[in-house]
Amino acid sequence: METTKKILIIDDEIDLLQMVGFQFRSKGFEVQTACNGVEGLDKVHAFRPDLVILDMNMPRMGGIEFYSKICGPNGRPMFPVLVLTARANVQGLFKDLEIDGFMVKPFEVDELIVQAEMIIKNRSKVVSTGLLEHPRKVCIVENNQSVFDQVSVVFLNADYTVIPAKSGTAAIEKMMKDVPDVGLVQLGLTDIPGDVVIFRLSQMATTMGVKFVLYTSREAKHDRRVMERISVKTGILTFVEYKEYGELLENVNRYFIPKGD
């Protein structure tokens, strides 16, 4: 890294706090630590970290309250945030917070450092909007097994690599670990609505370069005007009401057509 990057780690587990802080310092980071949200608030604005690593469950002031206090008027945090959380809390986390990344406890410190470095790198540069020509990788997010199987066949036959996800929570986890070129996301997911999944992923440094297609079947009969408002609000560029599965492939393929063709 060209300049020393700053990390603020907030966690009430003292042994973990010391161990993680030591490992980040050994990689050349400037590190400050806090045992709870109150101490974190005392430090965050003066320290101005490049990344806040935030535990959710802490005494005095937990992660949710700390997060709310560092959000600006637009409702987004003023600093990049990577959350440490238990797996049981993952779904609610994605619904409620605009974060750059997460790690499920227990975790490997090396993996935490890699994700932290990626977040800082992506936040400090203009993210490229180009896509790799080969191999083309799509994450298909669909909770209906029959529909998923048929859509997957269409894409596999078109020489795509398919990343499967059967829920919004699984999609966010998988795309952060194996970043696709395109996310093809069903609107009516059972755990987190598809538009919310896309919005959350588009705000995370790891996945903000992914192109997204939000889709539903024409039989679902969603109000088109409502869907257009959702698309504008979340920044979704492509919304498809399909009749044939090939229509989904056609819309994803458009992202791979060179500009000017």
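Which helix does Asn-122 lie in? Asn-122 lies in helix α5 (residues 109-123), and the views below start from the whole chain and return to this residue at the end.

This is a predicted model, in which local features need pLDDT of at least 70, side-chain atom pairs count only at pLDDT 80 or more, and totals for chains, interfaces and linings use all residues. Residues are numbered from 1 along each chain as its sequence is written, and side-chain values use heavy atoms, with hydrogens and water left out.

**View 1. Overall chain.** The chain has 10 helices and 10 strands. Helices (H or I, at least four residues) and strands (E, at least two) are DSSP runs, numbered from the N terminus. Of the 261 residues, 51% are buried, where buried means under 20% relative accessible area, exposed over 50% and partly exposed in between (1.4 Å probe, protein chains only). Among contacts with a separation of 6 or more, 66% join residues 24 or more positions apart; contact means heavy atoms within 4.5 Å.

**View 2. The largest nonpolar core.** A nonpolar core is a set of buried Ala, Val, Leu, Ile, Met, Phe, Trp, Tyr and Cys residues joined through side-chain atoms within 4.5 Å. The largest one has 41 residues, of which Ile-10, Val-52, Leu-54, Phe-66, Ile-99, Val-141 and Val-197 touch the most other members. Helix α7 (residues 168-177) gives the most to this core, with four residues. Beyond its neighbours within four places in sequence, Phe-66 is in contact with Ile-10, Gly-37, Gly-40, Leu-41, Val-44, Val-52, Leu-54 and Met-61. A second, separate core of 21 residues includes Leu-17, Phe-107, Ile-119 and Ile-120.

**View 3. Helices α6 and α10.** The axes of α6 (residues 145-157) and α10 (residues 246-253) come within 9 Å and cross at roughly 45 degrees. Axes are lines fitted to C-alpha atoms, for helices over the stretch in contact, and angles run from 0 to 180 degrees between N-to-C directions. The two helices, α6 and α10, are therefore oblique to each other; angles under 35 degrees count as roughly parallel, over 145 as roughly antiparallel, 65 to 115 as roughly perpendicular and the rest as oblique. Val-151, Val-154 and Phe-155 in α6 meet Leu-248, Leu-249 and Val-252 in α10. This contact has six nonpolar, no polar and no charged residues, with Ala, Val, Leu, Ile, Met, Phe, Trp, Tyr, Cys and Pro counted as nonpolar, Asp, Glu, Lys and Arg as charged, and the others, Gly among them, as polar. The buried residues of α10 are Glu-247, Leu-248, Leu-249, Asn-251 and Val-252, and they pack against α6, β8, β9 (211-217) and β10 (238-242).

**View 4. Helices α7 and α8.** The axes of α7 and α8 (residues 194-203) come within 10 Å and cross at roughly 25 degrees. Therefore α7 and α8 are roughly parallel to each other. Gly-168, Ala-171, Ile-172, Met-175 and Met-176 in α7 meet Val-197, Arg-200 and Leu-201 in α8. By class, the residues of this contact divide into six nonpolar, one polar and one charged.

View 5. Asp-181 is found in the loop between α7 and β8 (182-186) and is buried, with a relative accessible area of 9%. Asp-181 and Val-138 are 43 residues apart in sequence and 6.0 Å apart in space, C-alpha to C-alpha. Asn-122 also counts as buried, at 13% relative accessibility. Asn-122 and Met-204 are 82 residues apart in sequence, with 9.4 Å between their C-alpha atoms.
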